[in-house]
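Subject: Structure for you to look at

Hello,

Here is the structure I said I would pass on. Please open it next to this message, and then read my notes below.

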Amino acid sequence: MRSPSPFLPALLLLLFASFPLQAEPRRPNILVIMADDLGWGDISCQGASTYETPHIDRLAAEGVRFTSGYCTASTCTPTRYSFLTGIYAFRTEGTGIAPPNAPAIILPGTPTLPGVLKTVGYRTAIVGKWHLGLGGPDGPDWNGEIRPGPLDIGFDHCFLLPTTNDRVPQVYLEDLRIRNLDPADPLRIYKERPSDDHPTGLTHRETLRMNWTHGHNGTIHNGISRIGFYTGAEAARFRDEDLADTWVERAVKWMENDAAEPFFLVFASHDPHVPRMPHERFQGTTAHGYRTDAIMQFDWCVGELMSALDRLGVADDTLVVLCSDNGPVMDDGYADGALEKLGEHRAGGPWRGGKYSVYEGGTRTPFIVRWRGVVEPGVSDEIVSTIDLFASFAELTGAKLPPEAAPDSAQILGALLGAQGANGRSELVQQDNGNGGNYGFRSGKWKLVRHDSRRARNMVVERLLENTKVPRFELFDLENDPGERRDVLENNADVAARLRNKLAAIIAGERSR
Ligand code: NG6
Ligand code: CA
């Protein structure tokens, strides 16, 4: 019998050192909860002090809360596009806020996060808000099969609001069709008022339950006028108040199926986006009106999803990410009192700007990762973004990325799991809406702002959204001036030049990874 090699212990050590645990693929369930227009300061573990978000706070206490967690854009469609494709939205035309009849923006054949996870055995679903367009170049065939859609780009199942709830129509897309659509009462969407007797927010303003302030004066449904016009589909229409309940029920039901396979579920809440019309049981539960009442509703959703994971016995086998699609806004088109009742609440936390802005408040948003037993609870200042979930989850699960996949998604799994010493991004591009807009570029403590429009959508919390004149470039030192108040470009011309060139190169290039 040969005696074991004296080198064996050293060899083993070497083996373990070169194959850290992460290299072993792990395939937990993955649940991404994305809020809509939720600000950094809207949760009570991050500064909100006039109300509590107990379920979100518990998630944070059991996981890592990122103070520099970002989405990629300060509007919905581009952030969601980047989250699912790992591509900065400014690279692709047509990725700005999608209108009601927009065609599918992510085309079949594009590598997507759900598609890649499917290759390693995940079942995949999205429940909630879509807002990434549907159907071929002419838009969706609302009364037939709606393709291409989520099921053509990597999801096995969907139960969705097609666009946003302030846009028509108020119906659910369930897999390939509009749910409960009666063929005798077809759904028709129009760009113009369809007839002279069609009631709108302009002609029947006095009948509205919630007045509009700008836009949003098209077809009236459930006492609220919307962007765009539609007729028909009476049996398919939902009540705004029931969206959250329905989605929770659907999401839980789907998670319960087929416990043998790991799942990837996106729960895309509509809270607290306009029109803010939370369920009756949440109305009046906060001091700031329906905007924060809708945040109570969102927090309740988080609690329900967490209880479901406990009940199914998979809470420790599920990696949960909580994030938002853009920063906060007060008056986004309806007179719901968000501004008047704001009081001391600061939805964007200490950051400047909000929705539509490339200042920090536009994209620096709540970001929490919980995976009990794996992720050590704590707070991290590493820079992480929703666009990075793609490459990082591929790494986690051992899924192979096609070479052209996710060109702007950084593999920062270690940072996302809160590992000691693991770095997040060193640089991050921020954008406002679609391609051809304005940019923010964070590099360490520096923040370059590039306003190609020379105007900033500034959400001065005390006032309305307003367009103010700004220089094309500004430079801020986030360490000394987190609120982006003092432009230090003149005194740091070399830093500014380096960042300008780097940003220009990323925009002109094809990938940043
Ligand atoms: C804007 C809407 C705003 C909101 C936003 C999209 C007007 C005047 N404003 O065009 O109310 O719907 O689009 O929000 O119509 S997002 O979160 O989906 O990007
Ligand atoms: Ca949004």
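How many residues surround ligand 1, and which are the closest? The count is 18, and the closest are Cys76, Asp166, Arg167, Asp332 and Lys355. Please keep in mind that this is a predicted model, not an experimental one.

Ligand site

By type, the shell around ligand 1 consists of four nonpolar, seven polar and seven charged residues. As for the place itself, ligand 1 sits in the second largest pocket.

For His216, a polar side-chain atom is 3.0 Å from an oxygen atom of the ligand. For His131, an N or O atom of the side chain is 3.2 Å from an oxygen atom of ligand 1. For Asn326, the distance from a polar side-chain atom to a ligand oxygen is 3.4 Å. On its own, ligand 1 has 460 Å² of accessible area, and the protein covers 84% of that.

Thr75

Where is Thr75 in the chain? Thr75 belongs to the loop that runs between β2 (64-70) and α3 (76-85). Its relative accessible area is 1%, so Thr75 counts as buried, the cut-off being under 20%. The side chain of Thr75 has two partners to look at. One is the backbone oxygen of Asp432, which the side chain reaches at 2.8 Å. The other is the side chain of Asn433, with which Thr75 makes a polar contact at 3.3 Å.

Ser82

Ser82 is part of helix α3. Is Ser82 buried or exposed? Ser82 is buried, because its relative accessible area of 1% is under the 20% limit.

Gly149

Gly149 lies in the loop between β3 (123-129) and β4 (157-161). With a relative accessible area of 7%, Gly149 also falls under 20% and is therefore buried.

Regards

Notes: Residues are numbered from 1 along each chain as its sequence is written. Chains are lettered from A and ligands numbered from 1 in the order in which they are written. This is a predicted model: local features need pLDDT of at least 70, side-chain atom pairs count only at pLDDT 80 or more; totals for chains, interfaces and linings use all residues. Side-chain values use heavy atoms; hydrogens and water are left out. Helices (H or I, at least four residues) and strands (E, at least two) are DSSP runs, numbered from the N terminus. Buried means under 20% relative accessible area, exposed over 50%, partly exposed in between (1.4 Å probe, protein chains only). A residue is near a molecule or strand if one of its heavy atoms lies within 4 Å of it. A polar contact is a pair of N or O atoms within 3.5 Å; within protein, one must be able to donate a hydrogen and the other to accept it, and residues adjacent in sequence count only if both atoms are side-chain atoms. Accessible areas come from the Shrake-Rupley method with a 1.4 Å probe; for residues, only the protein chains shown count as cover. On a 1 Å grid over the protein atoms alone, a cavity is a set of points where a 1.4 Å probe fits but cannot get out, and a pocket is an open set with protein on both sides within 12 Å along at least five of seven lines; lining residues have an atom within 4 Å of a point. A molecule sits in a cavity or pocket if more than half of its atoms lie within 2 Å of its grid points. Ala, Val, Leu, Ile, Met, Phe, Trp, Tyr, Cys and Pro count as nonpolar, Asp, Glu, Lys and Arg as charged, and the others, Gly among them, as polar.
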